[in-house]
Amino acid sequence: MGDLAASGGYYIAAPADEIWASAATITGSIGIFAVIPTIDKTLGKVGVTVDGVGTSPLSGQLRVDRPLGDGAKKVLQATIDRGYEEFLGRVSTGRRKTRDEVNEIAQGRVWTGADALKLGLVDHLGSFEDAVKAAAKRAKLDKWVLQYEEPSLSWAQELALQVRVKAISTLFTVDSSTKKLMQVAQQLDPITEEVNRLNRMSVPNRVYAYCFCSAQ
């Protein structure tokens, strides 16, 4: 697991033979919730009210211009409870724990990778390369080659990527003081925001390593 593997990320990882994480991986968040927005009070402030006739007890209870009805609340809560129990069961089976043991460390809370190791949510702390080696060992492979499946980039995307790579390489060649870093950042838009974020981080000796990428 990389920087973030909480909730759905951990739901997917739970049945794995081994789970690897970095010490700073944000993981856990074993939980489920629902949000139903309503604007009836907002409409009431401008004198708008809603009325109508329904043919069943749940008619109109999920309309945004009406308050959430008691029947709808019960149905939603039952759905949430069922989903949470399913999540607990998946983790319980995958991590070989009882339902109550998982519930003690679940309830939507998040943990660092280091804490997750202590709690038994992950098996090892390490890098992506460590996880690959562990997978190769399980597959009884002495030699292997990694192949990355990535979407093809358009000409514009390739150009933007080259600009980013050039920008970050330039950052590593300048003086590491805050003033120099900000001057370079201003000259290398659109990465200014990323550099500002790095600069706000408390990093010893001002040593930076940042991956200009995203996951969907």
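Residues are numbered from 1 along each chain as its sequence is written, and side-chain values use heavy atoms, without hydrogens or water. Because the model is predicted, local features need pLDDT of at least 70 and side-chain atom pairs count only at pLDDT 80 or more, whereas totals for chains, interfaces and linings use all residues.

The chain holds nine helices and five strands. Both are DSSP runs numbered from the N terminus: helices are H or I with at least four residues, strands E with at least two. From the N terminus, the order is β-α-β-β-α-α-α-β-α-β-α-α-α-α. Of the 216 residues, 25% are buried (under 20% relative accessible area; exposed is over 50%, partly exposed in between; 1.4 Å probe, protein chains only). The chain exposes about 15500 Å², and carbon and sulfur atoms supply 56% of that area (Shrake-Rupley method, 1.4 Å probe; for residues, only the protein chains shown count as cover). Among contacts (heavy atoms within 4.5 Å) between residues at least 6 apart in sequence, 51% join residues at least 24 apart.

Helix α3 has 26 residues. Its first and last C-alpha atoms are 37 Å apart, close to the 38 Å expected at 1.5 Å a residue (1.5 Å times one less than the number of residues). Its buried residues include Ile80, Tyr84, Phe87, Leu88 and Val91. An α-helix has 3.6 residues a turn, so residues three or four places apart point the same way. The cover over the buried residues of α3 includes α1 (8-13) and α4 (99-105). Arg96 follows α3 and has a positive phi, near 55 degrees.

Gln61 lies in the loop between α2 (40-45) and α3 (70-95). Gln61 is buried, because its relative accessible area is 14%. Its side chain reaches the backbone oxygen of Pro57 at 2.6 Å. Leaving aside residues up to four places away in sequence, Gln61 touches Pro67, Leu68, Gly69, Asp70, Gly71 and Ala72. Of these, Ala72 is also among the buried residues of α3.

A nonpolar surface patch is formed by Phe128, Leu141, Trp144, Leu146 and Tyr148. Together they have about 540 Å² of accessible area. Leu146 sits in the loop between α6 (128-138) and α7 (155-171). Leu146 counts as partly exposed because its relative accessibility is 43%.

Note on methods: A polar contact is a pair of N or O atoms within 3.5 Å; within protein, one must be able to donate a hydrogen and the other to accept it, and residues adjacent in sequence count only if both atoms are side-chain atoms. Patches are made of residues with over 30% relative accessible area and no salt bridge: like charges are joined within 9 Å, nonpolar side chains (Val, Leu, Ile, Met, Phe, Trp, Tyr) within 5 Å. A salt bridge is a side-chain nitrogen of Lys or Arg within 4 Å of a carboxyl oxygen of Asp or Glu.
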